[in-house]
Amino acid sequence: MAQLSTKIKIYCEANGVANINFSSDKPDVMLQDDMVGGVSNPYIKEWNLDIAQPTDAQLSAQDAAATIEENNATAISNRKNAYPSLGDVVDAIFKKEDGDATEFNSLAAKRQSIKDANPKQ
């Protein structure tokens with residue numbers, strides 16, 4: 001199940017609001033979780049947007065899209081952590097231009113294996 005903030009973000013985007021501020025002195029949306037009996041139960045505490053506050057049903061309808069968005073963000077983060085450094089890539093490019101494509105081809109294969117291991121939906 002996706003996080004409440006992600007479902008709200010998708011709901012807002014579908015209703016013409018591209019940016020939502022969840023954390024500041026004057027948030028657009030303030031979330032709260034009172035943890036009842038050790039169980040997380042986040043909810044909207046404050047709604048300061050010009051569009052209607054979503055119902056639980058409207059937020060539930062966003063769960064599949066929100067889950068995909070969160071999974072893709074995780075895949076992208078995992079890819080970034082696994083990719084070689086920019087210095088290694090530049091070095092491989094210069095070596096390729098000098099006639100040695102071995103390292104460049106190895107990095108290209110590594111890049112593809114990283115993408116395969118961390119697919120986006």
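Q: In which loop does Asn15 lie?
A: This is a predicted model, in which local features need pLDDT of at least 70 and side-chain atom pairs count only at pLDDT 80 or more, while totals for chains, interfaces and linings use all residues. Residues are numbered from 1 along each chain as its sequence is written, and side-chain values use heavy atoms, with hydrogens and water left out. Helices (H or I, at least four residues) and strands (E, at least two) are DSSP runs numbered from the N terminus. On this basis, Asn15 lies in the loop between helix H1 (4-14) and strand S1 (29-33).

Q: Which backbone oxygen does the side chain of Asn15 reach?
A: Asn15 has a relative accessible area of 40%, so the residue is partly exposed; buried means under 20%, exposed over 50%, and partly exposed in between (1.4 Å probe, protein chains only). A polar contact is a pair of N or O atoms within 3.5 Å; within protein, one must be able to donate a hydrogen and the other to accept it, and residues adjacent in sequence count only if both atoms are side-chain atoms. At 2.8 Å, the side chain of Asn15 reaches the backbone oxygen of Tyr11.

Q: How many Å separate the C-alpha atoms of Asn15 and Ala52?
A: Along the chain, Asn15 and Ala52 are 37 residues apart. Their C-alpha atoms are separated by 9.2 Å.

Q: In what order do the elements of the protein chain run?
A: The secondary structure comes to five helices and two strands. From the N terminus on, the order is α-β-β-α-α-α-α.

Q: What is the radius of gyration of the protein chain?
A: The C-alpha atoms fill a box of roughly 60 × 30 × 25 Å, taken along the principal axes, and buried residues make up 24% of the 121 residues. The radius of gyration is taken over C-alpha atoms, and the globule rule is 2.2 Å times the number of residues to the power 0.38. A compact globule of 121 residues would have a value near 14 Å, but the protein chain has 21 Å.

Q: Which residue forms a salt bridge with Lys7?
A: A salt bridge is a side-chain nitrogen of Lys or Arg within 4 Å of a carboxyl oxygen of Asp or Glu, and by this rule the count comes to five. Lys7 is buried, because its relative accessible area is 8%. In its salt bridge, the closest N and O atoms are 3.8 Å apart, and the partner is Asp63. The pair links distant parts of the chain, 56 residues apart, with Lys7 in helix H1 and, in helix H3 (residues 63-82), Asp63.

Q: Why are Lys95 and Asp91 separated by about one helical turn?
A: The closest N and O atoms of the salt bridge between Lys95 and Asp91 are 3.3 Å apart. Lys95 is partly exposed at 32%, and Asp91 is partly exposed at 33%. The separation is about one helical turn because the residues lie in helix H4 at a spacing of four residues.

Q: How many Å apart are the end C-alpha atoms of helix H4?
A: The expected span of a helix is 1.5 Å times one less than its number of residues. The 12 residues of H4 (residues 86-97) should therefore span 16 Å, and this agrees with the end C-alpha distance of 17 Å.

Q: What is the area of the nonpolar surface patch that includes Val90?
A: Val90 is in helix H4 and is partly exposed at 35%. Patches are made of residues with over 30% relative accessible area and no salt bridge, like charges being joined within 9 Å and nonpolar side chains (Val, Leu, Ile, Met, Phe, Trp, Tyr) within 5 Å; accessible areas come from the Shrake-Rupley method with a 1.4 Å probe, and for residues only the protein chains shown count as cover. Leu86, Val89, Val90, Ile93 and Phe94 make a patch of about 440 Å².

Q: What is the phi of Met35?
A: Met35 is found in the loop between S1 and strand S2 (42-47) and is partly exposed at 44%. Most residues other than glycine have a negative phi. The phi of Met35 is positive, near 40°.
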